[in-house]
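Open your viewer and get ready to select by chain and residue number.

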Amino acid sequence: MFDFVIRRLLALMPVLFVVLVIVFSLVRFIPGDPAVTLLGPGATESQVAALRAQLNLDAPLLQQFLEYLTGLIQGDMGRSLKSGKPVADEILARLPATLEISVFAVLIAIVVGIPIGILSATRPNSGFDHLVRVVSLVGVSIPAFLLALLLQLIFATWLGLLPVSGRMSAYLFVEPVTGFALIDAWLSGESGAIRSVLVHLVLPTSVLAAFLAATLGRFVRTTMLEVMTEDYIRTARAKGLTWSTVVYGHALRNSLLPAITVVGLKFAEMLGGAILTETIFAWPGIGRFMFEAIRNRDYPVIQGTTLVFALLFMLTSVVVDIIHAMLDPRVRGKMR
Amino acid sequence: MKLRHILANALVASCLAAGSAEAQEASTLAVAVPSDPRGLEPGTNRAWPIGSEIILNVFDTLVAWTPPEFSELEGRLAESWTISEDGMTFDFILRDGVTFHDGTPFDAASVKFSFERTMELNAYVKATLGLIESIEASSPTELTIRLSRPYPAFMSILAQPQSAIVSPAAVAEHGDDFTNNPVGTGPFKFRDYQADTRVVLDANPDYFRGAPKLSRLIYSVIPEASTRRLELENGGIDVIQQSGQLSAVPLEEMEAFAKNPDIQILESPSQIIRQLEFNNSHPDSPFNDVRVRRAVAHAIDYDGLLGGIFGGTASRVYGPLTSNSWAFNPKVTEMAPGYDPEKARALLAEAGVDPADWNLKLYGFQGSLWGALATFVHANLADVGIDVEIAQTEFPTYRALHTGGEHKIALDGRQPWYNDPDAHITIGYYSGLADSAMTFRMPEDKELDGLILSAQQESDMDKRRELYFEIQEQLVNRVPGAYLFSPKLIVFARSNVSGLVVNSAPPLNEYWSVAKN
Amino acid sequence: MNDLIRFFRINTLATAGTSILACLLVAILLGPFVGIASPLELNMAERLQPPSADHLFGTDSFGRDMLARIIHGGRYTLAIGLGVVVVAFIVGVFFGTIAGFLGGIADMVIMRIVDAILSFPALVLAIALAAAFGPSLQNAMLAVAITLAPQFARLARSQALGVSVKPYVEAAVSLGLPKHRILWRHVLVNAIGPLLVQASLSVGSAILQTASLGFLGLGAQPPLAEWGADVSANLQFVRSSPWTALGPGFAILTTVLCFNLIGDALADWFNPRRRSEM
């Protein structure tokens, strides 16, 4: 097993290298001069030139790239042009917020998506099945910003039930210890803090979870239907096993394994959705941070957040592969 | 099952949450702002609105504009001051017995330290505080500042956030990190900053003008304007800052707020000007012909813009100064080109140009207000046969375009940060500064440049006004741009908020006198 | 032809999707001839009118007819969806086939790049690229196409790998026919099913992503009637005049839904096991 993990990580290296090249080069093509931004109105040519030198924008590209790599290895992602703080610190400060909604969204998606997929597959062409198919198709077709807008309109504007922005009530002050609002709220012992955090989580996580839940539901339904036409299932039925033993004992087990992979793969798309969701719900995560950085032409932050998104995704796919390998010995063999 | 339980709980709880939080935090004021603050300390501040306002609440300046008129300066850390005949020497008597939040006593040496530090760190103040030749602290309460040349707006500069007084001990302790740990003498102490989330300020019970009425002031970051308004309506926040100036407030929502007894609207005219501006020193632009510039100015439906998009939250501008400026020349209201598409077409014909082959890009800022403005101007220009392509550009790129002079026509605006015509005229139209900032890029013109410089340095206020009158007439005749509108400063607040006074130049509010009932 | 009729006979949902798209296409083509309102002309006197007989979908803050803007925006949306996928298809199939055909270093380099692109959340990469290229509709489309191309590359590569060792290819080569021409043809013929399914599903993603870029201000610029940009421009009016933002929003949803219905049906059609079931 240890071998497998090492091999999996090694296989990742060339990809990681290309990812770094992409991340590095993408901001070099952006029009506009960051030095002019930093200095603000009234800056002279020589000040701009001095700053360009300080930011190393004038060095040969290869040298810039090598220095970028050396920096990364030491955990240095440069400094934000806007705040002047280290990008790594800025991202770390915002990462918990993104992880918080992502984790909740994945949980919701699994809890909702898998059961409806199973129920739908075990009653093919029933009314419920048709409903699930249509709703889940809407779920994968709806733009995240439209869903967010609808939920805001319904639950906040018209019903006045749920808050639409931030991680907790503006009046609550909870000492930020871990950066995870729920944990901090619990640590603070402040009455109502946990409740406030949960209430604020409902809408943004629902928007994020919708796409994943719909994808998962569709996937589980399809694979279960396929598995149930397999010969061994027919054999099992012929041998007189009860229907539910066949469905839950065989078909389900065989379709859940690929479902794990789907969660892993679609997790990336969900992270992409975090940019929209966080921007709409004023959620202080790295998605919104990236969006703001693009508006401000904050080179190092755009690089840092893009890279972190890619790393998060690569990490997820490795973890998914490992889980897969643990559950299915055949996969381990294949990597050899 | 468990999750459903939690969710159900959460839903029920939400109905109660707002109420309990408010009861618990009756003396906390939550102010919604559109973005993270920048430059929380004078040494690095470059007039970013949110950071600047926080500075004015955490720090004090020597002088400040007196509410509610904001036309006279009053002493803050300075008790009194005298200005020499030649307008170059300023003597201050400073307040005694004031201490910084960290316990360091405030004295003349800390003023000298603060000014010298800001001058060294902050390129933004080069044209203003940079005029200081020497600062002398003759005793803890006596200070003398000498300028290298007369500058009548100097006292206004001292009311600016960049001129606030910092604790020398705290600067020594935190160094570069002072911006994350700002320490001043102001009514509120800096408590906490969470990225993209909030800034928390706690009351300073020992404030020299008396403890503030609030116990805590929270700046809550909510980027989307409609979300801010929704939060205000639902009681999630108490105040929305600077509404009209950064985003168009839909007429319908203004009306809904006006009828809502839980919400009050505080309005105040500003000196901000938004314009459609030409690059007046482009080597090859159709707008080098004054008739073409005039045609564009006649093409804009000014009243339609004010009524349709701004619904009374903005007022008309006729020339380079707003009509509430003390130097405003009323004659320009008649001289300025009005909406007249016929005349615009005639002028274009007279100039013998064919707009079809201009291939113009209309540059503008991003955001809904600027998008709406660009859409409106686009349609107005199309109406007289000028086809432009809208290019909404991120601020840095936009500024680079401007300072490089690559644009021909652009939507722009200037927000004066001190209460003096100098803030509009010198930076906007003096040819020596043409490519130093986002200006009208005026070509060199000995007469006009001379007028601008003498107006800037004249210490006799009546003579200055005369000079600015002349400058305004000359500028309006040259049509360096089409002056579109001046947005009002609009603050929305819950009705139980009292004591809030909206400041216009700079558009920053102090919360010392604010209370929640 | 018979296949096509059979395809629609057994796929009611796909038929519905195709019909709706056909209606949109007719509206786009005929709109200008039946006197639909201008999507660009301002009419401040009629701003923010709720839906009525005169304005079926209401008007926006400039008094522009929302139905006209939606129909007009449909042009861009269809062009975006198809344009992006065509570009992604050509680029992806080209590089995928080359990788499978040449093998060795070329294969390794191309596939590592493919893997790397797939290592980014698609929208994140599209946003970063669109921001780098500068905000415009063309740049946004290019950015989205880049994120979609790898799927096609992978499909084409596996086909090319399989085909190049087939006896008839080797036979054709020994007859002196240029190998690459045979290869292209066989890759396309053999992989057309999966590629078509991938393409039809990609149209939905392409529209969704480009609309998201438009929503974030990185795509179409005003006064273009692009749906995503329209949702974002009207966001501030959504409380008092919800139709302004919801109209174009639902237009995106409907169009993507239709393409996905067709894609689903195609996926079933080309899946031998599922097909036999039907």
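**Stop one: chain C**

Select chain C. Of its contacts with a separation of 6 or more, 67% join residues 24 or more positions apart. Two residues are in contact if their C-beta atoms, placed from the backbone, lie within 7 Å. This is a predicted model, where local features need pLDDT of at least 70, side-chain atom pairs count only at pLDDT 80 or more, and totals for chains, interfaces and linings use all residues. Residues are numbered from 1 along each chain as its sequence is written, while chains are lettered from A and ligands numbered from 1 in the order in which they are written.

Now colour chain C by secondary structure. There are eleven helices and zero strands. Both are DSSP runs numbered from the N terminus (helices: H or I, at least four residues; strands: E, at least two).

Zoom out. The C-alpha atoms of chain C fill a box of roughly 75 × 45 × 30 Å along the principal axes. Chain C has 278 residues, and 57% of them count as buried: 20 or more other C-beta atoms lie within 10 Å of the residue's own, with C-beta atoms placed from the backbone.

**Stop two: a helix pair in chain A**

Select residues 231-238 of chain A, helix 10, then residues 243-280, helix 11. Their axes come within 11 Å and cross at roughly 155 degrees. Helix 10 of chain A is therefore roughly antiparallel to helix 11 of chain A (the angle is over 145 degrees, taken between N-to-C directions on a scale from 0 to 180, with axes fitted to C-alpha atoms over the stretch in contact).

Which residues make the contact? Show A:Ile233, A:Ala236 and A:Arg237 on helix 10, and A:Val246, A:His250 and A:Ala251 on helix 11.

How values were computed: Angles under 35 degrees count as roughly parallel, over 145 as roughly antiparallel, 65 to 115 as roughly perpendicular and the rest as oblique. A residue is buried if 20 or more other C-beta atoms lie within 10 Å of its own, exposed if 12 or fewer, and partly exposed in between; C-beta atoms are placed from the backbone.
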